[in-house]
Amino acid sequence: MKIYRAKDYEDLSRKAANIISSKVILKPDCVLGLATGSTPIGTYKNLIQSYENGDLDFSDVTSVNLDEYKGLGPDHDQSYRYFMNHNLFDHINIDKARTFVPDGLEADSDKACQAYNDIIAGCGGIDLQLLGLGHNGHIGFNEPSDEFEKETHCVDLTESTIDANKRFFASEADVPRQAYTMGIKTIMQARKVLVVVSGSDKADILAKVVNGPVTPAVPASILQMHNDVIIVADEAALSKM
Ligand code: F6R
């Protein structure tokens, strides 16, 4: 694992965007694995800036996102498809038909997961997977458990996640109870993995991910076994290393 130390969130966002930019420049038809959440927003802003400056061309890029809430469609402002459109895709020249997010409106979980596995395989795998890190070590919606789930699967959201998300919905009853997520094997098969981590509240878990045992109790710890992982973290997130 290579660790790039960033001064602060701005610096982290610029460094992460530069790594993604270099992939797009060197391989214009690359497959980018993308994430939602608060951490990558600055990275996406920098990518948009580079596109607007004329330094990046996304016209041949394909993207596959990590996850989506089951039951939410693209027009729901809490769906991850909506997030991606608003924070990145609407502002660059990527072909939306080649941006993939699990189909939250597919009620048949087996069908939704198989379709997503087929999409990823059809793309020829992921060249660079961007990840955020959950406070409990989750990546995508791969939560701590007894085993590493391999491919796309449907997860039951924990009570704490439902509770944390309810502020974004009209009522707790509207909060999705399940999500579709890319599995650990698929993430591990990405040719390069880029993890962005910001803030002192992530310091304990980042130390465990990097220096602790590899265990499904800390899903991101599996990244120790990947041969091309870059972690870009700010000083606050690195404070317990
Ligand atoms: C997002 C995702 C999540 C987040 C993680 C960190 O698609 O799958 O695993 O990356 O929860 O979120 P933030 O960046 O908001 O701390």
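Analyst: One term before the strands: two strands pair if DSSP finds at least two bridges between them. Also, this is a predicted model.

User: OK. Which residue of S9 is the bridge partner of Leu128?
Analyst: Lys192. Strand S6 (residues 128-132) and strand S9 (residues 192-197) pair in the parallel sense, over 5 bridges.

User: What sheet has S6 and S9 in its order?
Analyst: An open sheet of 7 strands, with parallel pairing. The order is S1-S10-S9-S6-S2-S3-S5. Strand S1 (2-6) and S5 are the edge strands, each pairing on one side only.

User: Switching to helices. Which residues of H3 are buried?
Analyst: In H3 (residues 80-87), Tyr80, Arg81, Phe83 and Met84 are buried. They sit on the same side of H3, because they cover an arc of only 160° around the axis.

User: Why would residues a few places apart point the same way?
Analyst: An α-helix has 3.6 residues a turn, so residues three or four places apart do that.

User: And what covers the buried residues of H3?
Analyst: Among the elements are strands S2 (31-34), S3 (62-65), S4 (67-69) and S5 (99-100).

User: What domain does UniProt place at residues 13-227?
Analyst: The unreviewed UniProt entry gives "Glucosamine/galactosamine-6-phosphate isomerase". That span is 33% helix and 15% strand, and its end C-alpha atoms lie 23 Å apart.

Definitions and conventions
Residues are numbered from 1 along each chain as its sequence is written. This is a predicted model: local features need pLDDT of at least 70, side-chain atom pairs count only at pLDDT 80 or more; totals for chains, interfaces and linings use all residues. UniProt positions are given in the numbering used here, feature names are shortened, and annotations may be inferred rather than shown by experiment. Helices (H or I, at least four residues) and strands (E, at least two) are DSSP runs, numbered from the N terminus. A residue is buried if 20 or more other C-beta atoms lie within 10 Å of its own, exposed if 12 or fewer, and partly exposed in between; C-beta atoms are placed from the backbone. The arc is that of the directions from the helix axis to the C-beta atoms. Two residues are in contact if their C-beta atoms, placed from the backbone, lie within 7 Å.
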